[in-house]
Amino acid sequence: MSLFKARDWWSTVVGNKEEFDQGCLCVANVDNSSNGQDKIIVGSYMGFLRIYNPHPAKPGDPVQAEELLLETQLCEPVLQVEVGKFVSGTELLHLAVLHCKKLCVYAVSGMLGNTEHGNQYQLKLMYEHNLQRTACNMTYGPFGGIKGRDLICIQSMDGMLMLFEQESYSFGRFLPGFLLPGPLTYSSRTDSFITVSSCRQVESYKYQVLAFATDASREETEQQKLGSGKRLAVDWVLNIGEQALDICVVSFNQTVSSVFVLGERNFFCLKDNGQIRFMKKLDSSPGCFLPYCSVSEGTINTLIGNHNGTLHVYQDVTLKWATQLSHIPVAVRVGNFQDLKGVIVALSDSGCLQCSYLGTDPSLFQAPKVEARAINYEEYDAEMNKLQKIIKEATKTKDVLLKSEKNEELTLSVVVLSALDSVSQAVDSEVKAEVVPSMTVKITLQSRLIPLKIKLSVCVQPPLALTHNKFILELGTTKSRTVVLAAFLKGNCPPADLEGSALASYSTPKGMPRVAQCKFRFPLKLVCFPAQPSKTATQKLTIDTNKPSVSLATLFPDFDQTEDDQPNAIGFQLLAGSRITLLASKTSQRYRLQSEQFEDIWLIAKELVHRLEEYFRKKRSKDFACTFSGPIPLQEYFEIIDHHFELRLNAGKYEQLLSERAIQFRAIERRLLARFKDKTPAPLQHLDTLLEGTYRQGWEESVDASVSYLLKTCLSKISKEHGLIVPNQLSIPKDTNRLKKHITLLYDRLAKGGHMSLDTDADSQQLMMLPGGCTTIQESDLEDRPTSQDSKMMFTNHRHLNQQKT
């Protein structure tokens, strides 16, 4: 580690998330200013070119606007920037920018500004060369000993040296035994090109040898395209035994011309003829270097930046100075700025550009004293409560899908025709009726994208069914498509829901998956038809509301068959169920549903609540609520469970009989296998798997396990019961007593204020009894009972639960 840090004279960050390498930095008087001050030219792999004129600033101060002379985005990534005499007829300096497939030479000039914005700089293209091969790097110099101008040599990725005499292309030669490109430089003293090959050898080629290798004719161009040509004779070769990072030729007044090569572990100094003058083994991995001056006769100073962020100064092989940089440099240069000579310019691969100088002056920065101040706990508590409210509101959001945008690529709409089909489309229906009605559904898809391939799926709740539920559509010349299908009741039981959904999936031209969804609802007459109301029934259910009762003819105009003697009654006959009668009270705000089958009441009750909500929504009444008063009809529910369990036991006995028969057949099979060995037919070998029944898990044990888990966790009275695990291995119970006991306990705790949520406040929940008595509704009170009478249990519609709590 360095004892001293580099003194920061000026620094900035070039670009935003751009990449740079050793060829992306150049320091020169690119605008040919009269004061001779250097400018910093930086190119990036993102194609940006920037020119800076730095001024001294305090550490941490932002870059002033006038310090950035020019910023422009070029067409391709910038591989290397160099400044030289690249334009014929003048000895002014110009900027050469090397791209992957192009070489551009620009003139940088400035104009005096008339306002406070300062001088204006512009980039003028002088000429460009389109390259037939992908470029790697370039070098320049007075090739052939010419004076007053510089020529350019570009090395391609396939090992071809392309030479340009300023505005014109000269010739191209292939390097012998080429595999990978290496660093390239030009020695004016010997008029030769020096590179390091993939064989880890430093090789030198004379310019005259390159020029006279073949004639400059059309035949040469064809040979270049084929990747062939006359093999070049190398001037000298030196094996350094490692890959080279950079190569440089320097010549000062006190010293002869020397070739410096930076390796992965050493740096070498060679004579013009390839002999080693000296070499130095490096302690850390280097990143860049620059031989920059000679302070005594026969010696050369060299800057070497390594991956530890340290800059070393060597005088030949002697370490003279070490300084710490703020970043790891990939390129280092030396320039003159504001009458300050020898400013070190370093660039990192992420764009950290720093101008610094070497010195021992101490840092005058001192950490400021921290002023102690009293903590306002009340202010902190208020801010904490505010943030907690924001977090709590954010966690209440249950929307998983993103909201649809205004301009969707695909819109999906569903229309259910109100009338039944004149000819039923029902197929393979299990309903025991003379005619099973069907209803037409039209699905329309409109797209802004053409062409588009769409997968359409339509889902309904069983036992409802569709004639078709899956489609693959392709939108070609038309932007819309309509699909027609029919819905009907297939199973021999009433459905639990009349809602359906259509879902279309597709991919955008950019490959992003998208989904369009639309929900729809079938009319009630698809599964039932009008019937005469029944005065007597064994199963009854009463629904209370907070609004005056609505005429049933208004709520159910499609089922209105009322007579003068029963104006407040209406009947429904389910296609796969019993008859349900709906009664509306004249004096109270109640509705009664009654039927011979308890489970058949659900669909009509849900339809009644739905139509009441729609009616009062149109009336713009926002406080409408439905409640159920009275004891929970668990006895009827348990009778259905017992009936289902009895059917399961009978099926289980039949499966056990099949299992016993399978064991007998397996014994016969073993005897046959022993007798016929491998000649037994294949079906006989697997007869046991076909005949052996499986003792499947059913509904009762699954529900019992789920209810038990709720009672032991979120609905538990004792906090110690939290975390108890229900066994995963389920087996058929002997009877349903345990299940019915758990279900009764579940509804009892829910009625007392329990919540089915496993949140952090579950331990602190207190079961509270809702206000009210414990009386049942009398049969004669349906019409005349006042609404103020209390009830033991009250179950509100879930959509208005929050309003009941408030």
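Predicted model: local features only at pLDDT ≥ 70, side-chain atom pairs only at ≥ 80, totals over all residues.
Reader: Is isoleucine 152 buried or exposed, then?
Author: Isoleucine 152 is found in strand β12 (residues 151-156); helices (H or I, at least four residues) and strands (E, at least two) are DSSP runs, numbered from the N terminus. Buried means under 20% relative accessible area, exposed over 50% and partly exposed in between, with a 1.4 Å probe and protein chains only. Isoleucine 152 has a relative accessible area of 4%, so the label is buried.

Reader: What distance separates the C-alpha atoms of isoleucine 152 and threonine 139?
Author: Threonine 139 is among the residues that isoleucine 152 touches. The two lie 13 residues apart along the chain, and their C-alpha atoms are separated by 6.0 Å.

Reader: Where does the side chain of glutamine 80 find a backbone nitrogen?
Author: Glutamine 80 is found in strand β7 (residues 80-84) and, at a relative accessible area of 9%, is buried. Beyond its neighbours within four places in sequence, its contacts include Gly23, Ala96 and Asn137. A polar contact is a pair of N or O atoms within 3.5 Å; within protein, one must be able to donate a hydrogen and the other to accept it, and residues adjacent in sequence count only if both atoms are side-chain atoms. At 2.9 Å, the side chain of glutamine 80 reaches the backbone nitrogen of methionine 138.

Reader: Which residue has its backbone oxygen 2.8 Å from a polar atom of the side chain of threonine 195?
Author: Threonine 195 lies in strand β16 (residues 192-196) and counts as buried because its relative accessibility is 4%. Leaving aside neighbours within four places in sequence, its contacts include Gln155, Gly182, Leu184 and Tyr205. The backbone oxygen at 2.8 Å belongs to proline 183.

Reader: On to hydrophobic matters: which residues have the most contacts inside the largest nonpolar core?
Author: A nonpolar core is a set of buried Ala, Val, Leu, Ile, Met, Phe, Trp, Tyr and Cys residues joined through side-chain atoms within 4.5 Å. The largest one has 63 residues, and its largest share, eight residues, comes from helix α5 (residues 601-618). Leucine 524, for its part, is in contact with Leu603 and Ile604, among others. The residues with the most contacts inside this core are Ile443, Leu456 and Leu524.

Reader: Why do phenylalanine 520 and phenylalanine 522 fall in their particular class of ring pair?
Author: Rings of Phe, Tyr and Trp (its six-membered ring) pair if their centres lie within 6.5 Å; planes under 30 degrees apart count as stacked, over 60 as edge-to-face and the rest as tilted. The whole structure holds 19 aromatic pairs. Phenylalanine 520 is buried at 7%, and phenylalanine 522 is buried at 3%. Their ring centres are 5.4 Å apart and their planes stand at 85 degrees, so the pair is edge-to-face.

Reader: How many disulfides does the structure contain?
Author: A disulfide is a pair of cysteine sulfur atoms within 2.5 Å. As for individual cysteines, cysteine 269 is buried because its relative accessibility is 0%, whereas cysteine 459 is partly exposed at 46%. A search of the whole structure for disulfides finds zero.

Reader: Which residue in β43 stands opposite aspartate 544?
Author: Strand β39 (residues 539-545) and β43 pair in the antiparallel sense over three bridges; strands pair if DSSP finds at least two bridges between them. Both faces of β43 (residues 626-629) are covered, with Cys626 and Phe628 buried on one side and Thr627 and Ser629 buried on the other. Opposite aspartate 544 stands threonine 627.

Reader: To finish, what percentage of the chain is made up of buried residues?
Author: The chain has twelve helices and 44 strands. Of its 806 residues, the buried ones make up 42%.

Definitions and conventions
Residues numbered from 1 in each chain as written. Heavy atoms only, no water. Contact = heavy atoms within 4.5 Å.
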